[in-house]
Amino acid sequence: KSVKQAIKDGGIEPTAKIEPEIGQAVRLKDLSKPEKQEAERLFRSKQRESIKTIDDLYGKNNEIAIAHQKRLNQVGRQIKKDTGIRYATPPFRAAKDQIKARARVKEKVEGKYGGHYHHITDIVRASFVIERTAEVARVIKRLEKEFEVLDEGFAHNIGNYLDRKVLVRFKDGRIGEIQIVEKNFYHAKYKEGGNELYYKLRTLH
């Protein structure tokens, strides 16, 4: 039984909001384990229902993904202008229009997700590079004014890399990804070869 149904049936009492809306993000760290599962399910529900093929993700000529990346960049650059917090567009491995390359998405879907394209949330993405912890809350507060936001919290990656992943949902239900990264981690990742090391390590896992 889902958390949502259990709440409806009176089986449990909700302890926190589990579905975001404009102006109010959902933070997974505030939720119980079953609430986290339900929040993740609800956030991805529109994309799960509508995305069956790679063209559903990108648009036949990549027009959907490009439009979403432009929208994300517009918001990100305005946040940078207003707060001084650095906004960074996708790295050199991205296509010239900054969206994630189709070949990498196909590889990931076939190798990790059993052919199900709705799992992909990062063909549209960007980063905020922070110097102080307090800047995390400032970024999320601004993002939630423009998007429905699911804050997945901080996580260690391969090689002990640390960032905070925030998912944003566009009006059509598709999802993009924001990484909030401390400046030294960001420098190590993109200026000191960390990103290349990550791609090599990933092939071993």
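# Reading a fold, step by step

Author: Let's start with contacts, meaning heavy atoms within 4.5 Å. In the protein chain, 61% of the contacts with a separation of 6 or more are between residues 24 or more positions apart. A word on what you're looking at: this is a predicted model, where local features need pLDDT of at least 70, side-chain atom pairs count only at pLDDT 80 or more, and totals for chains, interfaces and linings use all residues. Residues are numbered from 1 along each chain as its sequence is written, and side-chain values use heavy atoms, with hydrogens and water left out.

Reader: How many helices and strands are there in the protein chain?

Author: Helices (H or I, at least four residues) and strands (E, at least two) are DSSP runs, numbered from the N terminus. Here you get 8 helices and 6 strands. Along the sequence they come in the pattern α-β-α-α-α-β-α-β-α-β-β-β-α-α.

Reader: OK, strands next. Which way do the residues of strand 3 point?

Author: The general idea: in a regular strand the side chains alternate between the two faces of the sheet. In strand 3, Arg 125, Ser 127 and Val 129 point one way, while Ala 126, Phe 128 and Ile 130 point the other way.

Reader: And why is strand 3 said to be largely enclosed by the rest of the structure?

Author: Buried means under 20% relative accessible area, exposed means over 50%, and partly exposed is in between (1.4 Å probe, protein chains only). Those areas come from the Shrake-Rupley method with a 1.4 Å probe, and for residues only the protein chains shown count as cover. Since 6 of the 6 residues of strand 3 (residues 125-130) are buried, the strand is largely enclosed. For the protein chain, buried residues make up 42% of the 205 residues.

Reader: Which strands pair with strand 3?

Author: Two strands pair if DSSP finds at least two bridges between them. Strand 2 (residues 86-88) runs antiparallel to strand 3, with 3 bridges joining them. Strand 6 (residues 175-182) pairs with strand 3 in the parallel sense, over 6 bridges. Follow Val 129: it is the bridge partner of Arg 86, and in strand 6 its partner is Val 181.

Reader: How do I read a helix? Which residues of helix 5 are buried?

Author: In helix 5 (residues 102-112), look for Arg 104, Val 105, Lys 108 and Val 109. Seen down the helix axis, the buried residues fall within an arc of 130° (taken from the directions from the axis to the C-beta atoms), so they line one face of helix 5. The face turned away from that buried side carries the exposed residues Ala 103, Glu 110 and Gly 111. After helix 5 comes Gly 114, with a positive phi near 60°.

Reader: Is Tyr 58 buried or exposed?

Author: Tyr 58, which lies in helix 3 (residues 54-58), is buried, with a relative accessible area of 0%. Leaving aside neighbours within four places in sequence, its contacts include Glu 63, Ile 99, Val 105 and Ile 123. Tyr 58 and Ile 99 are 41 residues apart in sequence, yet 9.1 Å apart in space, C-alpha to C-alpha.

Reader: What about His 187?

Author: His 187 sits in helix 7 (residues 183-190). At 40% relative accessible area, His 187 is partly exposed. C-alpha to C-alpha, His 187 is 9.4 Å from Val 129, and the two are 58 residues apart in sequence.
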